[in-house]
Amino acid sequence: MSAPITVALLGGGTVGSQVARLILEQSDDLAARIGAPLELAGVAVRDASRAREGVPSALLTDDATALVARGSDIVVEVMGGIEPARTLILQAMAAGSSVVTANKALLAADGAALYAAAAANGVDLYFEASVAGAIPLLRPLRESLAGDRVVKVLGIVNGTTNFILSKMDEEGADYADVLAEAQRLGYAEADPTADVGGLDAAAKAAILAELAFHTRVTFDDVSCEGITGVTAADVAAARDMGFVIKLLAVAERTEDGRGVIVRVHPTMVPRSHPLASVRDAFNAVFIEAESAGEMMFYGRGAGGAPTASAVLGDVVAVARNLRSGGHGPRESTYADLEIRGIDQARTRYYVNLDVADRPGVLATVARAFSDNGVSIQVVRQEGHGDDAGLIVRTHLAQDGDLSRTIEALRSLDVVKQVVGVMRVEGEAGS
Ligand code: NAP
Ligand code: HSE
């Protein structure tokens, strides 16, 4: 057995305390797999006087900078946020430590700086836990699919919103009621903005897109819409048509092969699609590659122990690299595809309209679609008289044309209200 590999842990919260527990409880197995024991050098927290289950109090410190300065072989950053996480990671790399992080917010905001520092200092940067918690997803993208050409990545990458939308679908409940329940159960944070606003999913989408398309993609490149506008009526209408609403992260190569579009938005998915059966706080990601075809990755996207599993997998990978003198993959942005806006995406729409009920209304509405180059797939009238409504589903069309269609519909006298508009994914055909 070789000399111990030292590990400094920045953060001892939900994820960090579980990482510490697993390193201590599974020390024999980990040592056998690595060929050297892991030695926990310390756990940095804000309040070192507070005991943490599974973490010996002697290891706790409130001086993260001093812990990093000790130059451990591996620094695991699970404190979250942009600062001081970024400065500590850069200091760790400058001191010769490899870094494992679960910090999607930082990676999506400034991943390039972290990659550059890793390369400059000859250390590793691993971040499997940053997207979809426990699910092995980034390593398959970075390594297993390195010989293929990814066309599209499509997935549910936020457990909180999936829990809320699943409950709305199963119980017909209102968004606000289910959000309150999610908070009571501890799924949603006291401030749920990052989850329900789609920002957490957008950060993950940026990380996935960068790996999938070998192109630098940051949080600001992602078109993002959360679930706060999804109503019980939208969910019921989707159900009636055989669909379920999911918050999807979509990253796709454009048809000309030279661009990439990354978007996060509530989406109607056919109930027959595998993503429709992903309930509660689970995550699932579909990857379509030219040679491999379609693949789906499914599992727990959050939680202390599941996320710690992914972190530990990275720690073992880095430790093995240290033992062999090798390195993990560096940043790969050689393809440098053009980042394009959502208006250039090819999508389908569902549109729910409150309309006047008289001859010619359907023709006027249909003209708004055709004038903007959008082909209608299905149209259905609901109710009559004052309660008349039209539900329209379109064929594939350019998103910008669909947006212009909605503007045109809003300006029509015969349309009292555009009640609901949503993109549709996962249907076969055009
Ligand atoms: P958390 O429970 O809030 O824990 C954060 C930890 O970092 C706490 O121990 C906190 O100390 C410590 N900390 C924060 N700021 C610090 C500072 N300035 N100096 C020293 N220590 C500091 O967060 P978490 O849920 O474990 O998440 C950690 C990271 O994992 C985040 O990047 C998150 O996005 C990512 N992640 C989390 C999950 C999940 O399910 N929770 C899943 C995937 C990825 P105190 O304990 O003293 O406050
Ligand atoms: N807040 C995230 C979610 C978990 O609800 O999926 C951390 O990535």
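This is a predicted model: local features need pLDDT of at least 70, side-chain atom pairs count only at pLDDT 80 or more; totals for chains, interfaces and linings use all residues.
1. Two strands are taken to pair if DSSP finds at least two bridges between them. Strand 2 and strand 3 have two bridges, in the parallel sense, and therefore count as paired under the requirement of at least two bridges. One residue pair in this part of the sheet is Val43 with Leu60, the latter being its bridge partner in strand 3.

2. Six strands make up an open sheet with parallel pairing, and their order is 3-2-1-4-5-6. Strand 3 (60-61) and strand 6 (125-126) form the edges, each pairing on one side only. In general, strands of a sheet pair through backbone hydrogen bonds, in either a parallel or an antiparallel manner.

3. Strand 2 also pairs with strand 1. The two run parallel and are joined by six bridges. Within this pairing, Ala44 of strand 2 stands opposite Leu10. Strand 2 (38-44) is mostly covered, since six of its seven residues are buried.

4. On the other part of the sheet, strand 4 (residues 74-77) and strand 5 (residues 98-101) run parallel and are connected by four bridges. Val76 has Val100 of strand 5 as its bridge partner. Helix 4, comprising residues 85-94, lies across strand 1 (5-10), strand 4, strand 5 and strand 6. Relative to strand 5, helix 4 runs at about 150°.

5. Is Asp314 buried or exposed? Asp314 is located in helix 12, which covers residues 304-324. Its relative accessible area is 1%, so Asp314 is classed as buried, the cut-off being under 20%. Leaving aside residues up to four places away in sequence, Asp314 touches Val100, Tyr126, Phe127, Glu128, Ala129 and Arg139. Among these contacts, Val100 is the residue already mentioned as the partner of Val76 in strand 5. A polar atom of the Asp314 side chain also lies 2.8 Å from the backbone nitrogen of Glu128.

6. Helix 12 also holds Ser309. Ser309 has a relative accessibility of 41% and so counts as partly exposed, a class that lies between the buried limit of 20% and the exposed limit of 50%. From Ser309 to Glu252 there are 57 residues in sequence, and their C-alpha atoms are 29 Å apart in space.

7. Glu53 is placed in the loop between strand 2 and strand 3. With a relative accessible area of 77%, Glu53 is exposed, because that class requires a value over 50%. Glu53 and Gly13 are 40 residues apart along the chain, and 9.9 Å separates their C-alpha atoms.

8. Which residues come nearest to ligand 1? There are 22 residues around the ligand, of which Gly12, Val15, Asp47, Arg52 and Gly303 come nearest. A backbone N or O atom of Gly13 is 3.0 Å from an oxygen atom of ligand 1. A polar backbone atom of Arg46 likewise lies 3.0 Å from an oxygen atom of ligand 1. For Lys104, an N or O atom of the side chain is 3.0 Å from an oxygen atom of ligand 1. Taken alone, ligand 1 exposes 900 Å², of which the protein buries 78%.

Key: Residues are numbered from 1 along each chain as its sequence is written. Chains are lettered from A and ligands numbered from 1 in the order in which they are written. Side-chain values use heavy atoms; hydrogens and water are left out. Contact means heavy atoms within 4.5 Å. Axes are lines fitted to C-alpha atoms, for helices over the stretch in contact, and angles run from 0 to 180 degrees between N-to-C directions. Buried means under 20% relative accessible area, exposed over 50%, partly exposed in between (1.4 Å probe, protein chains only). A polar contact is a pair of N or O atoms within 3.5 Å; within protein, one must be able to donate a hydrogen and the other to accept it, and residues adjacent in sequence count only if both atoms are side-chain atoms. A residue is near a molecule or strand if one of its heavy atoms lies within 4 Å of it. Accessible areas come from the Shrake-Rupley method with a 1.4 Å probe; for residues, only the protein chains shown count as cover.
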